[in-house]
Amino acid sequence: MPAYRAVLDRGGTAGPEDTAVVGDEAAVAKQLQRYKDAGTTEFLFCPVGTDTEVERTIRFAHDYV
């Protein structure tokens with residue numbers, strides 16, 4: 001997808017793995033704020049982990065955005 005590749009190139013990233021946001025709530029909020037400050041208007045959350053961790057991530061996403 002050339003358009004997606006162009007976006008990654010402009011951001012200086014090799015691939016999607018360089019845009020992943022991981023960590024606890026504080027770390028994720030800090031990273032997401034950087035994206036928001038740069039003009040990001042949409043976030044895609046893909047929670048992984050145990051059922052408890054997934055639920056925690058979903059709650060965070062709903063509260064954050």
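Visitor: What should I know before reading the values?
Guide: This is a predicted model, where local features need pLDDT of at least 70, side-chain atom pairs count only at pLDDT 80 or more, and totals for chains, interfaces and linings use all residues. Residues are numbered from 1 along each chain as its sequence is written, and side-chain values use heavy atoms, with hydrogens and water left out.

Visitor: How many helices and strands does the protein have?
Guide: Three helices and zero strands, taken as DSSP runs (H or I, at least four residues, for helices; E, at least two, for strands) numbered from the N terminus.

Visitor: At what angle do α2 and α3 cross?
Guide: Roughly 40°, with the axes coming within 12 Å; axes are lines fitted to C-alpha atoms, for helices over the stretch in contact, and angles run from 0 to 180 degrees between N-to-C directions.

Visitor: Which residues make the contact?
Guide: Glu 25, Val 28, Ala 29, Leu 32, Gln 33 and Lys 36 of α2 meet Arg 56, Phe 60 and Tyr 64 of α3, contact being heavy atoms within 4.5 Å.

Visitor: Switching topic, which residues lie nearest the centre of the largest pocket?
Guide: Thr 19, Ala 20, Val 21, Leu 32 and Leu 44, out of 28 lining residues. A pocket is an open set of points on a 1 Å grid over the protein atoms alone where a 1.4 Å probe fits, with protein on both sides within 12 Å along at least five of seven lines; lining residues have an atom within 4 Å of a point.

Visitor: Which helices supply the lining?
Guide: α1 (2-11), α2 (25-37) and α3 (51-64) each give at least two residues.

Visitor: And the overall box?
Guide: Roughly 35 × 25 × 15 Å for the C-alpha atoms, along the principal axes.
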